[in-house]
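Subject: A structure for you to look through

Dear colleague,

I am handing over a structure that I would like you to read through slowly, with the notes below beside you.

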Amino acid sequence: MKIKLFDIREDEKNFAYSWGKVNNHEIVCVEEHLTLDNVSSLEAFDAISTQQLHKYDDDIYEALNKVGIKQIAGRTAGFDMFNKEEAAKHDIKITNIPAYSPNAIAEFAVCRALELVRNINKIHKRVTNQDFTWDENVIANELRSMTILVIGVGRIGKVSAQLFNGFGAKVIGYDPYDQSCDNVEFFDDLKEAISKADLITLHVPANDETMHMIDEETISYMKNGAYLVNTSRGITVDTKALLKGLNEGKIHSAALDVYEHEFDYFAYDYSNKSIEDEILKDLLSRDDVLISPHIAFYTKTAVQNMVEISLDSALEVINTGKSLNEI
């Protein structure tokens, strides 16, 4: 079997080639996105894997079908970049990675939470300017005295809850679909849950239900001086509303590993380029916001799992017509 991996990074290649060698399949890796312009290159291939984060052209599914491709193996947990209806119409099976490493993202979320609570960004900026003073602007809280709200208590949310519990924090949760986590007090109403929290961490997928779930209205229910951590998807937070909350002092500080308009910037080197997005520039300039480039998942374990599970799923679809990881 011949499989082509699009959007490949250098750190993925060894795992992909090793999988091909072990399973006796030919692997071809390319850095380019899957587009209508390069679908014709797939006529000699049996399966494909992608990691594109922005939406595909709706015509891509018909084009894939015409060249004999029956599946797309996504190397991410998210699948909002796909049009499931169009894919089904053209007999294209789509798979994702339901759990490549919940610990990777959960640990990063807790790490960022600690940085917010301990004012690391502000301290670092002071020390860089040779200011070694102490005052109320950098005095910290302690996690063990805080109530942490985990929004989305699935695989990642459960690990996050466990880690926050380990610090002695009180952990509460909001999840309409899964309330099976021990040592978490669940709330059925999001606004009520938000009103109880000192720190909120998001672990939800991107869909119509979660679009701007953190907006002016929900922010109004937050405690004054609440902290926000988002390692889920960018669209879950209305960034303009977040900035307003920060400027008015409603939100103490925020850690964003994702941003709703990230696709032109995150994963690219802009060190010698101008950023045109004024909102992103504002976020980057602030000492009450921690920005990271959608990197919470990025551990060796996670990358290996993402590559190998995607290829296993591709193989399942080709051999059986279905996969446990179909979306």
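Which residues of α11 are buried? They are Ala-302, Val-303, Met-306, Val-307, Ser-310, Leu-311, Ser-313, Ala-314, Leu-315 and Val-317, where buried means under 20% relative accessible area, exposed means over 50%, and partly exposed is in between, with a 1.4 Å probe and protein chains only.

Before going further, please keep in mind that this is a predicted model, in which local features need pLDDT of at least 70 and side-chain atom pairs count only at pLDDT 80 or more, while totals for chains, interfaces and linings use all residues. Residues are numbered from 1 along each chain as its sequence is written, and side-chain values use heavy atoms, with hydrogens and water left out.

The whole protein

Along the principal axes, the C-alpha atoms fill a box of roughly 65 × 45 × 35 Å. Of the 327 residues, 50% count as buried. Among contacts with a separation of 6 or more, 67% come from residues 24 or more positions apart, a contact being heavy atoms within 4.5 Å.

The annotated span

The unreviewed UniProt entry places the feature "domain: D-isomer specific 2-hydroxyacid dehydrogenase NAD-binding" at residues 113-296; such positions are given in the numbering used here, feature names are shortened, and annotations may be inferred rather than shown by experiment. In the model, the end C-alpha atoms of this span lie 13 Å apart, and the span is 30% helix and 16% strand.

Helix α11 covers residues 300-320, and its 21 residues should span 30 Å at 1.5 Å a residue, which agrees with the 30 Å between its end C-alpha atoms; the expected span is 1.5 Å times one less than the number of residues. After α11 comes Gly-321, whose phi is positive, near 85°.

Helix α6 (residues 155-166) has 12 residues and reaches 17 Å from its first C-alpha to its last, close to the expected 16 Å. Gly-157, Val-159, Ser-160, Ala-161 and Phe-164 are its buried residues, and what covers them includes α4 (102-117), β6 (147-151), β7 (170-174) and β9 (199-202). This helix, too, is followed by a glycine with a positive phi, namely Gly-168, near 90°.

Salt bridges

How many salt bridges are there? The count comes to 18, where a salt bridge is a side-chain nitrogen of Lys or Arg within 4 Å of a carboxyl oxygen of Asp or Glu. One of them joins Arg-9 and Asp-11, at 2.9 Å from N to O; Arg-9 is partly exposed at 22% relative accessible area, and Asp-11 is partly exposed at 24%. Another joins Arg-126 and Asp-135 at 2.8 Å, and here Arg-126 is buried at 16%, whereas Asp-135 is partly exposed at 32%.

Glu-216 forms a salt bridge with Lys-244, the closest N and O atoms being 3.0 Å apart. Glu-216 lies in helix α8 (residues 216-220) and Lys-244 in helix α9 (residues 239-247), so the pair ties together parts that are 28 residues apart in sequence. Salt bridges that share partners also join Asp-282, Arg-286 and Asp-288 into one network.

Two single residues

Thr-239 is found in helix α9 and counts as buried at 3% relative accessibility. Leaving out residues up to four places away in sequence, Thr-239 touches Tyr-259, Glu-260, Ile-279 and Leu-283.

Is Asp-208 buried or exposed? At 78% relative accessibility Asp-208 counts as exposed, and its place is in the loop between β9 and α8. Asp-208 and Asp-80 are 128 residues apart in sequence and 9.9 Å apart in space, C-alpha to C-alpha.

Key:
Helices (H or I, at least four residues) and strands (E, at least two) are DSSP runs, numbered from the N terminus.
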